[in-house]
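Please work through each task before turning to its solution.

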Amino acid sequence: MILACQNIQKSFGEKTVLKDINFHIENRDKCAIVGINGAGKTTLLKIILGEDEPDSGQVVIARDVRVGYLSQTQDTELDNTIYGAMQDAKRYILDMEQRMRALEQEMQEKTGDELASIMEAYNRLSTTYDRENGYAYESEITGVIAGLGFTQDDYDRPIETLSGGQKMRVGLGRLLLSHPDIIILDEPTNHLDMSSISWLEGFLASYPGAVIVVSHDRYFIDKISNKILEIDQGRSTMYNGSYSYYSEEKAKKRKAAMNEYLKQQAEIAHEEAVITKLKQFNREKSIKRAESREKKLDKIERIEKPTEVSADMRLKLEPVCESGNDVLLVEGLAKAFGDNKLFDDLNMDIKRGEHVALIGGNGTGKTTILKMINRMLSKDNGKITFGSKVRVGYFDQEHHDLDTRKTIFEEMSDSFPDMNNTRIRNVLAAFLFTGEDVFKSIGDLSGGERGRLSLAKLMLSPANFLILDEPTNHLDISSKEILEDALKEYTGTILYVSHDRYFINKTATRIIELRNKVLTNFVGDFDFYEENRDRLYELQHGENTGSSDDGKMEMTSSVQSLGGEKDSSDTKSEGRLEYESKKAQYAAERKKANEIKRIESAIAEIEEKLADIDSQLADPANGTNVDLLVELSRKKEESEETLLELYTRQEELSE
């Protein structure tokens, strides 16, 4: 054990944030701390780091354990370059190297005992230098710089010229290079693109020390964690496993806890009803019995209601009208900003009911594509065509749909005059606007709060084609799950841009990647994309990605232009073929598994039948009944033959 929190309690005024926090961390543990916004996750990190004091309880850290911390607001010195800042994290290596050079010089000048003493010091120092990977520290620095999305051209960039997100990446790199025994990270993926997040996952998963991370990126947590610490209503629960395991176990525990809570509530209600009835008799004996029952009821330890989103706060999205089968066709789309050409010949089509995720690196033009489709930005070339009866609902990060002069509740009630107040409040609560929050002025909201309000409005719109730009930004995990459930059940069409891989995995039926100015199609979820991204990219584009034809992409089988004739050259994309092949394989495996179950059931039935026949054959009462014995022997022979065939088939299927 290298870190333990024992009975941590923390309150701010009358609000108790942490009630009873108990857990411990072993060396090499990768622990993710999860909980709703305001649960106390960052407060707990500050207590662990000694930046805040608990009201009671203690944090125990093993001797000589070094703790490294990356906060959401990292301070990085401005008078340095990217490479220089990273190099400073290895200052202890540089100091050892400088000392070794000095000792080498002294060895040339000394003899005898003095030389022996210097050589002994040199050997100790060189051993430490080697253990700390001193001979490869430069390649380690360049590897971290590249992993975090910087190029060799960025080495000499002054830190003062970087954006806030880039400075955060520099701070993260410095922390990783310092090799603390415990790395503590608060939302480390906020300023990283997918490739950088993927690199960080690999780095942390294989890191020889312990990692504690607070993050809303569930895919990231799932990849690196072997422990999940949940903070719920101020108390902690440790789950030994990944996020997926935690999610399943949490659902089971929540259901069991809710059943216990409801059972106790029913018992309390029954007892209160009995007490009321006894008092109504207004007799001395009945009143005493009522008082006795009241005392017993007062002693019951009340079960707290488990944290769970109310069922009526679950969003149910249904398009008012159904669009035609062809929803969107994009042909030869081109866009440049000055000398920066994003792409010059992109093609895609989207069919009714598809949930399509558009992904790619930062700055590749994903949001630009959404804005051009929604006619918020002009295109340089190409054609964008909507199908019949398509009604578009758009979520953008600038939130132009909000009137800053209104309150949150006024914005919702004016936008949806036919909706009752309860329904409006439930939808707002699902997006974290509760109580008096609904009467806040929109002009006073933060960017994240405006984003949540825009998303709440969109979820209630009559659109049948939703276009979403980073819809999960600023949502906590519970709110993301509400949105995921709503989109999974949505029968309309969705096109969205997101960096949230867990969200993509849950909601996308198809993924389009924008890479090297061309689009690549993947029919499946994010896991399928991860497994096949490079192979299908090569299959769809080959090595000639520089030509204008590379932007063209076969999106689905038998693609037909809107209102036009089917192109005879249209064929199924490699992604579709791969998906169908995978689907057929799963179907065959399910069929085989079902057949094995049927065989096992038949074997059990025949074995039971044979046991009954043997019992009858052995019964002395049947010893003189020749006809019965002959018939039983015939049935036994037939059953044994059938059983042998079943065993043979079972063996074939198992092999």
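**Exercise 1.** Which residue in S16 does valine 356 stand opposite?

*Solution.* The model is predicted: local features require pLDDT of at least 70, side-chain atom pairs count only at pLDDT 80 or more, and totals for chains, interfaces and linings use all residues. Residues are numbered from 1 along each chain as its sequence is written, and side-chain values use heavy atoms, with hydrogens and water left out.

Step 1. Strands (E, at least two residues) and helices (H or I, at least four) are DSSP runs, numbered from the N terminus. Two strands pair if DSSP finds at least two bridges between them. Strand S12 (residues 355-360) runs parallel to S16, and four bridges join them.

Step 2. Opposite valine 356 stands leucine 495 of S16.

**Exercise 2.** Determine how S15 is joined to S16, and trace the chain between them.

*Solution.* Step 1. Strand S15 (residues 465-469) and S16 are parallel and share five bridges. Leucine 495 in S16 is the bridge partner of isoleucine 467.

Step 1. From S15 the chain passes through helix H15 (residues 477-489) to S16, a right-handed β-α-β crossover. Right-handed means that, with the strands pointing away from the viewer, the path from the first strand over the helix to the second runs clockwise.

**Exercise 3.** Explain why S16 is described as largely enclosed by the rest of the structure.

*Solution.* Step 1. Classify by relative accessible area: buried is under 20%, exposed is over 50%, and partly exposed is in between (1.4 Å probe, protein chains only).

Step 1. Consider each face: Thr493, Leu495 and Val497 on one side are buried, as are Ile494 and Tyr496 on the other.

Step 2. Five of the five residues of S16 (residues 493-497) are buried, so the strand is largely enclosed by the rest of the structure.
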